[in-house]
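Thank you all for making the time this morning. I would like to walk through one model with you, going from the overall fold to the sheet, the core, the disulfide and finally the pocket.

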Amino acid sequence: MKFNRRKQYGFTLAEMAIVVVLGGILLAAGLMAGRGQISRAQAQDIVQIAGDLQTASVSFKLRYGYLPGDWVYAANTLPNITAGGTGGTQGNGLITGTLAAGTGIATAASEIGQAPVQLYQAGMIGKLGATTTMRTQSQFGPVHMAGAAANATAAYVAANPGILNVVVFFNLPCEVVLDVDRALDDGLDLSGKVMTDAAAPGCPAGGTAVRTFVPL
């Protein structure tokens, strides 16, 4: 009696290599897509913060006649806000004061330090951090409203002479910076109205921009 024996074949080394390579490509593509989605979501948070501060500052100026921080004190206008204590020239259209370029720390008594406090006390922002030198923060670091001439780069001021005040974001990942720039400006981090303090050729992939400037 004869039995039919079926030959059983396994994968060849070439076939296994192809499977491994394809799997690696698909995995890399999936990781890149995932990172891209995360970056875009983080960028939307930054855009939201910038938009909230822009809207709140415009509303504050319409109501009180001055920008937050630069407001000329009037007794009993805002709760828990007292005369003086801002350390700058009030009413000149600039949110004066300087920021530590590397850490984003502001002097609490400066117009920069007082701007978010005044917005909060006026009911125009809903949250205020406990750290007096950085009342507003993103998930990456401090966020401040500040005069451009004293706190943005010379390149930013030269490119945008009409912008007197900026929102300064600290420590944004470069991928997030570019997504923010695409949403608000020209998609280039060294030109336009949204810029970083990175040196040419720009914010590198995987890097961090110490400061990113968005018009207030």
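**Overall layout**

Starting from the N terminus, the elements of the protein chain follow the order α-α-β-β-α-α-β-α-β-β. In total, the secondary structure of the protein chain amounts to five helices and five strands, where helices (H or I, at least four residues) and strands (E, at least two) are DSSP runs, numbered from the N terminus.

Before the details, a word on conventions. This is a predicted model, in which local features need pLDDT of at least 70 and side-chain atom pairs count only at pLDDT 80 or more, whereas totals for chains, interfaces and linings use all residues. Residues are numbered from 1 along each chain as its sequence is written, and side-chain values use heavy atoms, with hydrogens and water left out.

Of the 216 residues in the protein chain, 38% are buried, and by buried I mean under 20% relative accessible area, with exposed being over 50% and partly exposed in between (1.4 Å probe, protein chains only).

The five strands form an open sheet in the order 1-2-3-5-4, with antiparallel pairing, and its edge strands are strand 1 and strand 4, each of which pairs on one side only. Two strands are taken to pair if DSSP finds at least two bridges between them.

Strand 1 and strand 2 pair in the antiparallel sense over two bridges, with Gln137 standing opposite Pro142 in strand 2, and a hairpin of four residues joins strand 1 to strand 2. Strand 2 then pairs with strand 3 over five bridges, again in the antiparallel sense, and here His144 stands opposite Val168 in strand 3. Strand 2 is mostly covered, since six of its six residues are buried.

Strand 3, which spans residues 165-173, pairs with strand 5 in the antiparallel sense over seven bridges. Within that pairing, the bridge partner of Phe169 in strand 5 is Thr212, and the bridge partner of Pro173 in strand 5 is Thr208.

**The nonpolar core**

Which residues touch the most other members of the largest nonpolar core? Among its 46 residues, they are Leu53, Phe60, Leu119 and Phe169. The elements that contribute two or more residues to this core are helix 1, helix 2 (111-121), strand 2 (142-147), strand 3, helix 5 and strand 5, and the largest share, nine residues, comes from helix 1. A nonpolar core here is a set of buried Ala, Val, Leu, Ile, Met, Phe, Trp, Tyr and Cys residues joined through side-chain atoms within 4.5 Å.

**The disulfide**

A disulfide is a pair of cysteine sulfur atoms within 2.5 Å, and by this rule the count comes to one disulfide. Cys174 and Cys203 form it, with their sulfur atoms 1.8 Å apart. The torsion about the S-S bond of Cys174 and Cys203 is about -70 degrees, so the disulfide is left-handed. Because Cys174 lies in helix 5 (residues 174-184) and Cys203 in the loop between strand 4 (195-196) and strand 5 (208-215), the pair ties together parts that are 29 residues apart in sequence.

Are these two cysteines, Cys174 and Cys203, buried or exposed? Both Cys174 and Cys203 are buried, and Cys174 has a relative accessible area of 1%. Cys174 also lies 6.0 Å from Ala209, C-alpha to C-alpha, although Cys174 and Ala209 are 35 residues apart in sequence.

**The largest pocket**

Lastly, the largest pocket is lined by 13 residues, of which Ile49, Ile125, Lys127, Thr136 and Gln137 lie nearest its centre. The residues of that lining divide into six nonpolar, four polar and three charged, where Ala, Val, Leu, Ile, Met, Phe, Trp, Tyr, Cys and Pro count as nonpolar, Asp, Glu, Lys and Arg as charged, and the others, Gly among them, as polar. Helix 1 (13-64) and strand 1 (136-137) each supply at least two residues of the lining, and helix 1 gives the most, with three residues. For the term itself, on a 1 Å grid over the protein atoms alone, a pocket is an open set of points where a 1.4 Å probe fits, with protein on both sides within 12 Å along at least five of seven lines, and lining residues have an atom within 4 Å of a point.
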